[in-house]
Amino acid sequence: MDDAIALSAMAFIEEALEPLYVAHRAQLPSDPVYGWEGEPSGSAESFCTRCGSTAALEIHSRKTPRIDPMAHRRSIPYIFAFLSALCALTHTQATSSITSDAPTNLSLALWSPQPDINEAAIEGFFASSGHTNNWAVLVCTSRFWFNYRHIANTLSIYHTVKRLGIPDSNIILMLSDDVACNPRNHFPATIYNNAGRFIDLYGRNVEVDYRGYEVTVENFIRLLTGRHDPDVPRSKRLLTDDRSNVLVYMTGHGGDEFLKFQDAEEIGSHDIADAFAQMYEKNRYHEIFFMIDTCQAASMYKRIYSPNILAAASAEVGQNSYSHHVDPDIGVAVIDRFTYYNLETLEKLKGEDKSTLQQLFSTYNTQAIASTPGIRTDLYPRRPENALVTDFFGGVQNVQLTTAGYKLKSGNLQSQTLTKQHHPSKSGSAKRKSMVPPSRNNALQVHSERGAVSLPFVLGLMGFMAGVWFLSRVI
Amino acid sequence: MTHSTWSQLSSQARGGPAKGTEMLRFKRSATAAAPSPPKLAKELRRIHFRRVVGYYLQKVISSSSWIFYVVGLLWLLLLPRDEFHHVAKVDENALLPGQTSKYFGDLDLWVATSYRDQIRTMGDPSKNVSGHAEFLEQEFRSFGLDASTQNFLHARHDEIVSGANSYAVFRAPRGDGTEAIVISAPWLLENGAVNAEGVSYVLAFAKFVTRFSHWAKDFIFLVTHPSPIGTQAWLEAYHGVQSDLSSWLQYDPLDRHGGVIHEAINLEFDGNGAYSAVGILVDGLNGLLPNADLVTTVVRCAQYEGLPVGIHNVVSPNKFDDNWSSYFHKADIILEYMKSQALGVPTASHALYARYHIEAMTVRGLHDVKGTQYPITGHQIGRAIESALRSLNNLLERLHHAYWFYIMPTAQSFIPLSVYIPPVILLSVTLVIESLVMWWASGDLHQSPPARPNLIEGTEVANHPADISAFNIRIRPLFLPVVTLVLCHAAGAIAFYLAPTVRFMALIGEVNPFNMAAAVVVVTATIYSFMIPTLQRMMEGSGASTRTTAPAWLILKCLGCAELGAALIALSTLNPSLSVFLAIPSVPAFLLARPTESHYRFLLNVAAVTLASPLGLLGIMSLWEGLDVAQGVAGKVVDGWTLYGAWLLPFICYVYWPMNMVANVIIGMEQ
C-alpha cells in the first residue's frame, strides 16, 4: 500500500463520517454543552448525538449531574482512531503514537503491541505544566488607519505563536480593522511591523477569525465564556478544556480599568475578570497568560480573581504606553514598544526552548519601553520561574515516535494531575472541588469507558475493512 | 415683591389684626395660630433687610456699571501677553503632520517651474478668459484627470464680467470617493498680478498625485478667475445651487463631481521669485474660522520643511529682546487679525468655503519679511504642501477635535475662546446692566435708604414707613420710546436698501467722499434730530417727566441699551472682533447719552455718539489709515453683502446704526 491508497482511504472514511457530523449538528437545537441551563438532554428517545450511542449518555448522566463539557469531543477520537489504525497498518513497523489531547489515543497506546511501563518517560513527555493543548486569543481592538500599529502588534504575536507551534485552529485572531486594504496604505495588502519591512505580516496564511465590526466586547466575552449562538462556527469558538493553556493578548487604546473597542464601546477590567472567572467555573482553562499592551494596561488585570492566571501589562496605572517607531513611507507608527521588546525575545525562541517566563520578564527594560511593565503573579502559584514561555506561546508537541509503547497506570496519572491542579484555599472552593471533578478528561475516564469505546471502534474497523474491500473491487 | 409684602402689612395695619393674621397665615401656612409679636417683628426685620440690601445693590450697580467696561478693556490689553497663549497642538490623532516621507522631488519642481514660465508668457490673461481656461483644462486632461470648465457671468456695477473656472477631479484610486480635498488657486491675485506659481503648483500637484495610490480622498484642482467671485460660483454649483436669473451671478452647473469636500487649501504665489516666508490667511466670510487643526497642520508641515510661517505678513521670531517688544509685536498681529476678522469680507478664495462647512485656508508666498534670513525654495513649498495633503488624507471624518474660535497672536499659537470671550462680553454687558439701571431709575423715586419699620409696642401693628406709598411709583411711558425705536430701525432699513445704489453712484459718478459723508450726516441728522422729535411731540407729547410719569428718555435708553447690549453679546460668539470694535466706541457713547442742560456735556455727548456712528468710525479710519482705505472698506462692506452675503452691512444698518440714532435722539429729548 502506498500513500495514494492511504489518502483515498482517509477520504473515504471522512465521507463515511460526514452524515454522522450532519446528524450531530442537526440534533443540537440548544447546545447543552455551551448552553447555560446545563440540562442534560438525555430524554429516552434522544441518544447522545456526540458519542453516537445511548450507552455513553447514560454513563455520563449517571456519573455526574452536570454535563460533561468534553462529551461532544468523543466523536473526534473515532476519526483519530481510524486514522491511527490506518497509520498503524501502513507502517511496516508497528509504532504507537501517543497524543495527549485525544484520550482515545491513550487507549491506543494501551492497545499497542509492546506494552512497557515507563512512567517517568510518559510524565516527562506530557507537558510539565500539566496542560495538553494551547490556545491563543489575540485581540486588536482599535480601528482606523492611524492605529496601524495595533494591528501590527497583534499580527506579530500571531505569527510568533504560530511559529512556535499553536495551529491556526487554536488561535482566535480578532482584528478590528483592515489596514492592509486601507486606501491610505502605501504598500497595498501588506502590514509591516518594522520600518525595514522585513516581514509582511499579512502576506499569506493568516486566518482572521473575527474581523471589522465583529470585534466587539460582547463577542469577546462570548468567546471567552463559550456562550455562543448555536450558529457560530467552530472556528470562532474557543474550544478549550481544563487542560488548555490560553494566551490572551490584547492591544488597543485604554485607560484606567478600560480598553476601548472600535471607538464605540469599552471593556472594563471587571468584565475581563468575570469572564475569566466563568472560564474557571466551566473548566475552560488550565492556565491563562494575560498580556496587554495599552495605556495604563496594569489596571486591566487588577480585578482578576480566578486562579492560575499570570498577567503582564505594558504600563503601570497612570502611565502611557508608547509606540516604537514610525515607518515614514507608510506614514504611521508600525509597532508599540512593549510588544516590540517582547518580540525581540520571542522571535529568537524555538519550539523546544526552555526559557521561562521569568526570563522573558527580566528582559523588560523600562528605559526602552518608556513605561514600567506590570506583572501580576499572585494568582499563579506555579511561579513564572517554573513556567516556560512555550507553555503559552508554543503548542504542545504531542506526537513522538518511539520504538516501544508505554503502558499507562491510570491511577498514577490521575493523582498527578490532581496535585498539579491548583485550587485556592478559599472557603467554598473545597465544595466546588467535590462537585466538579478536577480533571474529567484524562486517561482514567477513557480507560473506564473502554467498553463503550471499543464497540464503535470495532464497528469502525469493520467498516474500514469493508471500505478497503470495496475500494479494491472498484479499482 | 417687597412692595407687595409691604402692602400686605399696611393693609393689616389698616384692616385690623384679624384680617392681617389671615393674610399672614396665607403667606406662611405652617403657622396655624396668630403670630405673636416677636414673630411679627422678626418678619418685619427680614423684609426690611431685604429692602436695604436691594437698595444698596441698586445704588452700587447704578453708579458703577462702567466698571465692567474698564475691566473688559484692561483684559483685552492683556491678551498679547504670552501667558494667555496656547501653543497650538494637533488635537486630531489621525492628522500626524510631517510623519510621512515626501516624494515631491526635482522632477515635480521642474514641472511646476516650467508651467510657471508658460503661464507668465501667456501675456495678459485677465482679458482672455477662455484662453487660459482651455489651456488649464487641456493640461488637466493630459494627466488623465476628469477636467472641465465652468463659465459664469458676474454683473459688476457698470459692466458684465465673464469668468471661467477650470477644475479637475482626481478620483481616489482605492478610496470610496465620498470625500474630497480642494486645492485651488486664483488666476489673478488681489493686486492684479498673475498667480503664476500658485497655478503652477496646482498643475504640478495634479500631475503629482496620479503617481501614487495611497490617496483615500478625491482631489479637486480648481483655478478660478476672476476670484473670489469665481470660487463663489463654483462652490454654489458644486453644492447643487442653481443661479436664478435675477441674481448678480449667473453660472453653469458643473459636469464633474467628486466626494463631499471636507478641506480646501488655496495657493497664492505670485511667481516673482524669491519668497522669504509663507503666510497663512485663515479668517473667512463673516469672520468664520477654519478648525484650528487645519491651521496647525499646515503650519507644522511648513515648519518641518524649514519654512518660516507668518500671519498677516509678519513672521514672529522665537525669542524677543524683552517682554515689551514681544507684547507690542503680538499686539500688532492681534490688531491686524481682529481688523480682518471684524470686516468679515472675503480676503481670499478660502473665505467662501466656510459657509459649506469646509475647512479652508490660504497659503501665500511672502516677500521681504522681517526676521527671515534665507530665501525659501520651491522644493520646500512643494514638500510642505504634499505633507499637508498626506495629513489631510489620513482624516477619517470632518475635523472636529480642535476649536473653531480663536485669535492668533502668532502663526504657532492661539488665544482660545475661553480666554478671549470674557473681555468681549464684559464690554457689552455694561449696556445690559445700564438698561437695568435705567429701568430702576424710571420706576422708583426712592433716593434714600428705606426707613426702618417700627412695631408699635404691645400690638401687632407696625408704623407705616413714609417712603412706602403708591405715589412713589412712577408710570413708565412706553409708547414714545417704542415709536422712536421703530422709526430709527426704519431709517436703518432705508439706509440698508439704499446702500448698493449709493455704492453704485459712488463708483459711477466719482462722488467726492466728503460730499457723500456730508449728505449722509445731513440726512441722518434731519431724521434723528428733527423728524423724530417732531413726530414724538405730535404723537405723544414732549416726553418730559411729570410727577406721575417718568421721563421718556429713561425708557428709551433702557430699551436701546438692552437691544444693543444683547446684539453685541450675541455677536461676540459669532465674530468677537466685530463685537469688540463696535462695543469700544458705542458703549461709552450710550452710557453718556442723556439730555442735559450743560452745553459742554451736550457737546461731549454729541461728539461721542457721532464718533460711534458708522460714519464716525469711517472718519476715524480715514484719519488713521487714509481716506482711500476707509473708502475701500465701505465699498468692500457693501460688495461683501451684495456678492457674498457678508452680514456686516445688515448688522450695521439694522442694529448698530439705528441704536446710534437712538442715542442721538436721547440727547435731544426732554429731561
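Analyst: Start with helix angles. Angles under 35 degrees count as roughly parallel, over 145 as roughly antiparallel, 65 to 115 as roughly perpendicular and the rest as oblique. Helices are DSSP runs of H or I with at least four residues, strands are E runs of at least two, and both are numbered from the N terminus. This is a predicted model, where local features need pLDDT of at least 70 and side-chain atom pairs count only at pLDDT 80 or more, while totals for chains, interfaces and linings use all residues. Residues are numbered from 1 along each chain as its sequence is written, and chains are lettered from A and ligands numbered from 1 in the order in which they are written.

User: How are helix 10 and helix 16 of chain B arranged?

Analyst: Two packed helices are described by the angle between their axes and the distance between the axes. Axes are lines fitted to C-alpha atoms, for helices over the stretch in contact, and angles run from 0 to 180 degrees between N-to-C directions. Here helix 10 (residues 323-343) and helix 16 (residues 576-592) of chain B pack at about 95°, and their axes are 7 Å apart. Helix 10 of chain B is therefore roughly perpendicular to helix 16 of chain B.

User: Which residues make that contact?

Analyst: Two residues are in contact if their C-beta atoms, placed from the backbone, lie within 7 Å. Helix 10 of chain B brings B:Met338, B:Gln341 and B:Ala342. Helix 16 of chain B brings B:Ser577, B:Leu578, B:Val580 and B:Phe581. Now sort by class: Ala, Val, Leu, Ile, Met, Phe, Trp, Tyr, Cys and Pro count as nonpolar, Asp, Glu, Lys and Arg as charged, and the others, Gly among them, as polar. The contact of helix 10 with helix 16 of chain B has 5 nonpolar, 2 polar and no charged residues.

User: What about helix 17 and helix 20 of chain B: at what angle do they cross?

Analyst: Read them the same way. The axes of helix 17 (residues 599-612) and helix 20 (residues 648-668) of chain B come within 9 Å and cross at roughly 170°. That makes helix 17 of chain B roughly antiparallel to helix 20 of chain B. Helix 17 of chain B contributes B:Phe602, B:Asn605, B:Val606, B:Val609 and B:Ala612, and helix 20 of chain B contributes B:Asn660, B:Ala663, B:Asn664 and B:Ile667. By class, the contact of helix 17 with helix 20 of chain B has 6 nonpolar, 3 polar and no charged residues.

User: Where does UniProt place the feature "transmembrane region" in chain B?

Analyst: UniProt positions are given in the numbering used here, feature names are shortened, and annotations may be inferred rather than shown by experiment. The unreviewed entry places "transmembrane region" at several spans of chain B, including residues 577-593 and 644-667. Residues 577-593 of chain B are 94% helix and 0% strand, with end C-alpha atoms 24 Å apart. Residues 644-667 of chain B are 88% helix and 0% strand, with end C-alpha atoms 37 Å apart.

User: What domains does chain B have?

Analyst: Domain bounds come from an automatic or database domain assignment. Chain B gets domain 1 (89-411) and domain 2 (474-668). The centres of domain 1 and domain 2 of chain B, taken over C-alpha atoms, are 39 Å apart. Their contact takes 16 residues from domain 1 of chain B and 18 residues from domain 2 of chain B. On the domain 1 side, the largest share, 4 residues, comes from helix 10 of chain B. That side of domain 1 of chain B has 9 nonpolar, 6 polar and 1 charged residues.

User: Now chain A. Where is the feature "active site" placed?

Analyst: UniProt, in an unreviewed entry, places it at A:His253 and A:Cys295. They span 43 residues in sequence, yet no two of their C-alpha atoms are more than 6.5 Å apart, so they gather at one spot. A:His253 lies in the loop between strand 4 (244-251) and strand 5 (254-255) of chain A. A:Cys295 lies in the loop between strand 8 (287-293) and strand 9 (309-313) of chain A.

User: Is A:His253 buried or exposed?

Analyst: A residue is buried if 20 or more other C-beta atoms lie within 10 Å of its own, exposed if 12 or fewer, and partly exposed in between; C-beta atoms are placed from the backbone. A:His253 is buried, with 20 other C-beta atoms within 10 Å. A:Cys295 counts as buried too, with 21 C-beta neighbours inside 10 Å. For contrast, B:Lys370 is exposed, with 11 other C-beta atoms within 10 Å.
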